[in-house]
Amino acid sequence: MDKVVILTGASEGIGRALARSLARLGCRLVLSARNEARLRTLQLELGSAADVLLVATDVADEAQCRSLVDACIDKYGRLDILINNAGMTMWSRFDELEDLQVLEQIMQVNYLGPARLTHYALPHLKQSHGQVVAIASVAGLTGVPTRSGYAASKHAMMGFFDSLRIELADDDVAVTVICPDFVVSQIHKRALDGKGNPLGTTPMKEDKIMSAEACAEAMIPAIACRERMLIMSRRGRLGRWVRLLWPSAIDRIAKKAIAGGH
């Protein structure tokens, strides 16, 4: 898999595990996250055999998104795959939300960031007949209590990339949307509460949910085959259809999943 790949959100969780998987396949990696120190520990972990460029980037900043793409082209001369993985979440009922900036922050990172980055990457992806990968969520398929802003951002992300897929069909640029369920990740500890502060501890039962490593390995075939969509849990796949036929059942399933933490 001789590909040049930009991967955002590479410092932790799914992104970190995905970087390891892609490096084993021989990809040349442009790894991005806000935490440069954590990126450096990942580079050491990957070893000297991995061809890696680190670019500290906040995807909420348009200039930094453009610089990330420019850095990739300056080093490798091309871009084959853009993986929009960086994200953030919340954990608060909407009627208990005191700081509405939480909603704006989440939309900036989860939706507008990928849109900006994809905009600057597209000319190069058209040249390489490449691929855009959007790491969305099963929360982009239905409503989720206590995560209303997060679900909204993932709905926006999925609508955007589904539209983009149609626009890019004649350019032979693939768009792959991946919807993980709950995954062990730092994102849960960093979820914003109703006051806009990080939780600090995960509310998830981590022994009951998918590991980041298993999630990354399951994503690789879908990326390699340029698939349209991958929904990564049974309840996510069933939920798409049950929602159409029996919507109240999906509401109960989502409420139970959040209450149970898995």
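This is a predicted model: local features need pLDDT of at least 70, side-chain atom pairs count only at pLDDT 80 or more; totals for chains, interfaces and linings use all residues.
I took helices (H or I, at least four residues) and strands (E, at least two) as DSSP runs, numbered from the N terminus. Residues are numbered from 1 along each chain as its sequence is written, and side-chain values use heavy atoms, without hydrogens and water.

**Entry: overall**

I find nine helices and seven strands in the protein. Of its 262 residues, 52% are buried (under 20% relative accessible area; exposed is over 50%, partly exposed in between; 1.4 Å probe, protein chains only). I looked at contacts (heavy atoms within 4.5 Å) between residues at least 6 apart in sequence, and 69% of them join residues at least 24 apart.

**Entry: salt bridges**

I searched the whole structure for salt bridges (a side-chain nitrogen of Lys or Arg within 4 Å of a carboxyl oxygen of Asp or Glu) and got eleven. One of them pairs Asp2 with Arg28 at 2.8 Å, N to O. Asp2 sits in the segment before β1 (4–7) and Arg28 in strand β2 (residues 28–33), so this pair ties together parts 26 residues apart in sequence.

I then checked Asp162 and Arg165, whose side chains meet at 2.8 Å, N to O. They are three residues apart in helix α5, separated by about one helical turn. Asp162 is partly exposed at 26% relative accessible area, whereas Arg165 is buried at 11%.

Arg93 and Asp95 also form a salt bridge, at 2.6 Å, N to O. Here Arg93 is partly exposed at 44% and Asp95 is exposed at 56%. I also noted a salt-bridge network that links Arg16, Arg20, Glu45 and Glu213.

**Entry: backbone**

Most residues other than glycine have a negative phi. His129 has a positive phi, near 50 degrees. I place His129 in the loop between α4 (101–128) and β5 (131–135), and it is partly exposed at 43%. Thr146 is also not a glycine and has a positive phi of about 70 degrees. Thr146 lies in the loop between β5 and α5 (148–167).
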